[in-house]
Amino acid sequence: MSVFNDSALYPRFLLTGFSGLESRYGLISLPLFLVYGTSIAGNITILFIIRTESSLHQPMYYFLSMLALTDLGLSTTTLPTMFSVFWFHSRDIPFNACLVQMYFIHVFSIIESAVLLAMAFDRFVAIREPLRYATILTNDVITGIGLAIAGRALALVFPASFLLKRLQYHAVNILSYPFCLHQDLIKTTVSSRRVSSIYGLMVVICSMGLDSVLLLLSYLLILGTVLSIASKAERVKALNTCISHVCAVLTFYTPMIGLSMIRRYGQNASPIVHVLMANVYLLVPPLMNPIVYSVKTKQIRDRILKKFKKHKV
C-alpha cells in the first residue's frame, strides 16, 4: 500500500513506554509521577520564595527564577503523554500534537542551556566586579538577556518543525519514547530527511554546543579570577557561590551526553535503556535543580524554613 494515500496525509504516531513491561506500568508510573510532583512543587516553591522575599530581588535569583520557569515548562510539556502512556495505556498522538510537543521540548531545552550560561556570566561578574555587580546587571539588562534567550530558542526550533511538517510519513509510525523528539520523528519519515537532519545538527551546534563552550570559558575566567584573590578564605567563599550552578550544569549536560552516546553507540542496547536515558534527560534536571538550590543556597534554604515555621505556628 502506498504511503501517500489519504491516511498518510494525517499520519498516526504511536508513543512507546518500556516495551515488555506493559503489565507493570501501574507500578512504574508511581515513581515517575512522584518525580513530576516533586519537580513541579519544587520549582513553584523556588518561584514563590523569590517572588515574596524582597531581599532575593537580585540578579542571581532572577536568573534562578528563569531556570525554575524553564523547568516547569519542560515538566508540563512531557506530562500529558507520560500520563497517557503509563496510566491509560494510550499510545496514539496526532501528528500536529506531536510537532507541538517536540517544539516546546526542544525550546525549553535550549532555553535551559542558555539560562545556565547566563548564570555563569552572573557568577563571573559577581566575583570579578563585586562592587559594580548591581550596576552591570540591572533589571533592564536581565530583561534583555531573558528576551534574547527566549527569542533565540523560539526562532531556532520553528524551522525544524516546519521542515518536519513538509516530510511524508507512513500511515502509522512507531516512536521510541513516550514523548516526541526531533531525532525520533526524523527516523520515521519515508521521504528525504537530509535537510531536516542538517538543520537539526546546526541547531544543536548553535545552541547547546556554543553554550557549552562559553560555559567552559566562563569557568576558566572565574577560576583565573578566584586564583588571583589573595585571601584563601575569600577564594573558598567565591568558589562556594558557584557550587549550586556547577551541579545544575552537570545535571543538565550529563544526561544529554549519555542519551547522545546511547543513540549513537548503543544500537544493541535494550530499548528500555534508550527510554530510561531519555526520561532521565528530561526529568532529572527539573527535579534536581530546586533541590540543589534549596540545599546549597543559604538564602533560599533559610526563607523556605522560615515559611514552614510560620505555617506551623
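The second largest cavity in this predicted model has a lining of 6 nonpolar residues, 2 polar and no charged. Its volume is about 30 Å³. The model also holds a largest cavity of about 60 Å³ and a largest pocket of about 950 Å³. One disulfide is counted. UniProt, in an unreviewed entry, lists residues 42-293 as "domain: G-protein coupled receptors family 1 profile".

**Second largest cavity**

- Asn43, Ile46, Leu64, Leu67, Ala68, Asn289, Pro290 and Tyr293 line the second largest cavity.

**Largest cavity**

- The count of cavities of 30 Å³ or more is 2.
- The lining of the largest cavity consists of Met60, Met119, Asp122, Arg123, Thr241, Ser244, His245 and Tyr293.
- By class, that lining holds 3 nonpolar, 3 polar and 2 charged residues.
- Both α4 and α10 supply at least two residues to the lining of the largest cavity.
- The most come from α4, which gives 3 residues.
- Tyr293 lines the largest cavity and also the second largest cavity.

**Largest pocket**

- The volume of the largest pocket is about 950 Å³, and 28 residues line it.
- Closest to the centre of the largest pocket are Gln183, Gly200, Leu201, Val204 and Ser260.
- Five helices each supply at least two lining residues: α4 (95-128), α6 (139-166), α7 (182-187), α8 (194-227) and α10 (243-265).
- Helix α8 gives the most to the lining of the largest pocket, with 10 residues.
- The lining of the largest pocket divides into 14 nonpolar, 11 polar and 3 charged residues.

**Disulfide**

- Cysteine 98 is joined to cysteine 180 by a disulfide, with S to S at 2.0 Å.
- The link of cysteine 98 and cysteine 180 is left-handed, at -115° about the S-S bond.
- Cysteine 98 sits in helix α4 and cysteine 180 in the loop between β3 (172-174) and α7, so the pair ties together parts 82 residues apart in sequence.
- A disulfide is a covalent bond between the sulfur atoms of two cysteines.

**Transmembrane regions and the annotated domain**

- The unreviewed UniProt entry places "transmembrane region" at residues 25-50, 62-88, 100-121, 141-164, 198-230, 242-262 and 274-295.
- Residues 141-164 are 100% helix and 0% strand in the model.
- The end C-alpha atoms of residues 141-164 are 36 Å apart.
- Residues 198-230 are 91% helix and 0% strand, with end C-alpha atoms 49 Å apart.
- Across residues 42-293, the span UniProt lists for the domain, the chain is 79% helix and 2% strand.
- The end C-alpha atoms of residues 42-293 lie 10 Å apart.

**Helix α11**

- Helix α11 covers residues 271-296, which is 26 residues.
- At 1.5 Å a residue, α11 should span 38 Å; its end C-alpha atoms are 36 Å apart, which agrees.
- A kink of about 35° lies in α11 at valine 284, shortly before proline 285.

How values were computed: Residues are numbered from 1 along each chain as its sequence is written. This is a predicted model: local features need pLDDT of at least 70, side-chain atom pairs count only at pLDDT 80 or more; totals for chains, interfaces and linings use all residues. Side-chain values use heavy atoms; hydrogens and water are left out. UniProt positions are given in the numbering used here, feature names are shortened, and annotations may be inferred rather than shown by experiment. Helices (H or I, at least four residues) and strands (E, at least two) are DSSP runs, numbered from the N terminus. The expected span of a helix is 1.5 Å times one less than its number of residues. The bend at a residue is the angle between axes fitted to the seven residues ending there and the seven starting there. On a 1 Å grid over the protein atoms alone, a cavity is a set of points where a 1.4 Å probe fits but cannot get out, and a pocket is an open set with protein on both sides within 12 Å along at least five of seven lines; lining residues have an atom within 4 Å of a point. Grid points are joined across faces, edges and corners, and a volume is the space filled by probe spheres set on the points. Ala, Val, Leu, Ile, Met, Phe, Trp, Tyr, Cys and Pro count as nonpolar, Asp, Glu, Lys and Arg as charged, and the others, Gly among them, as polar. A disulfide is a pair of cysteine sulfur atoms within 2.5 Å.
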